[in-house]
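The sequence and structure come first.

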Amino acid sequence: MKIGDLVKLIIDDCDGTGTNTPILTDEVFFVLGITSTLDGDEDDLVQCVSDSTYFECDATNFWVI
């Protein structure tokens, strides 16, 4: 994943059954920035394409489209 990619958010266990079946959301996000955490993980700052809201989340929660 790199800055400028379009991604979708992955939600685990969306149905609440405990099966942890990953589900892609319908919303598309634009990767604005990438930061590395102290323990080697990667966080992505993303902006929603449809409404311009933005948030930061662990990179493993996104799927590049």
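Helices (H or I, at least four residues) and strands (E, at least two) are DSSP runs, numbered from the N terminus. By that rule the protein chain has 0 helices and 5 strands, and the pattern along the sequence is β-β-β-β-β. The model is predicted: local features need pLDDT of at least 70 and side-chain atom pairs count only at pLDDT 80 or more, while totals for chains, interfaces and linings use all residues. Residues are numbered from 1 along each chain as its sequence is written, and side-chain values use heavy atoms, with hydrogens and water left out.

- The 5 strands form an open sheet in the order 4-3-2-1-5, with antiparallel pairing; two strands pair if DSSP finds at least two bridges between them.
- Strand 4 (54-58) and strand 5 (62-64) are at the edges with a single partner strand each, so one side of each has no neighbour in the sheet.
- On average, neighbouring strands of this sheet are turned by 45 degrees against each other, direction ignored (axes are lines fitted to C-alpha atoms, for helices over the stretch in contact, and angles run from 0 to 180 degrees between N-to-C directions).
- Strand 1 (residues 6-11) pairs with strand 5 in the antiparallel sense over 3 bridges, and lysine 8 stands opposite tryptophan 63 in strand 5.

**Burial and surface**
- Of the 65 residues of the protein chain, 23% are buried (buried means under 20% relative accessible area, exposed over 50%, partly exposed in between; 1.4 Å probe, protein chains only).
- The protein chain exposes about 4300 Å², with carbon and sulfur atoms supplying 55% of it (Shrake-Rupley method, 1.4 Å probe; for residues, only the protein chains shown count as cover).

**Core and contacts**
- The largest nonpolar core has 8 residues: Val7, Leu9, Phe29, Val31, Val46, Cys48, Cys57 and Phe62.
- Strand 1, strand 2 (23-36) and strand 3 (42-48) each supply at least two residues of this core.
- A nonpolar core is a set of buried Ala, Val, Leu, Ile, Met, Phe, Trp, Tyr and Cys residues joined through side-chain atoms within 4.5 Å.
- Beyond its neighbours within four places in sequence, valine 31 contacts Met1, Lys2, Ile3, Gly4, Asp5, Val7, Leu45 and Val46 (contact means heavy atoms within 4.5 Å).
- Of the contacts in the protein chain between residues at least 6 apart in sequence, 35% join residues at least 24 apart.

**Cysteines**
- Cysteine 48 is buried at 4% relative accessible area, and cysteine 57 is buried at 18% relative accessibility.
- The structure holds 0 disulfides (a disulfide is a pair of cysteine sulfur atoms within 2.5 Å).
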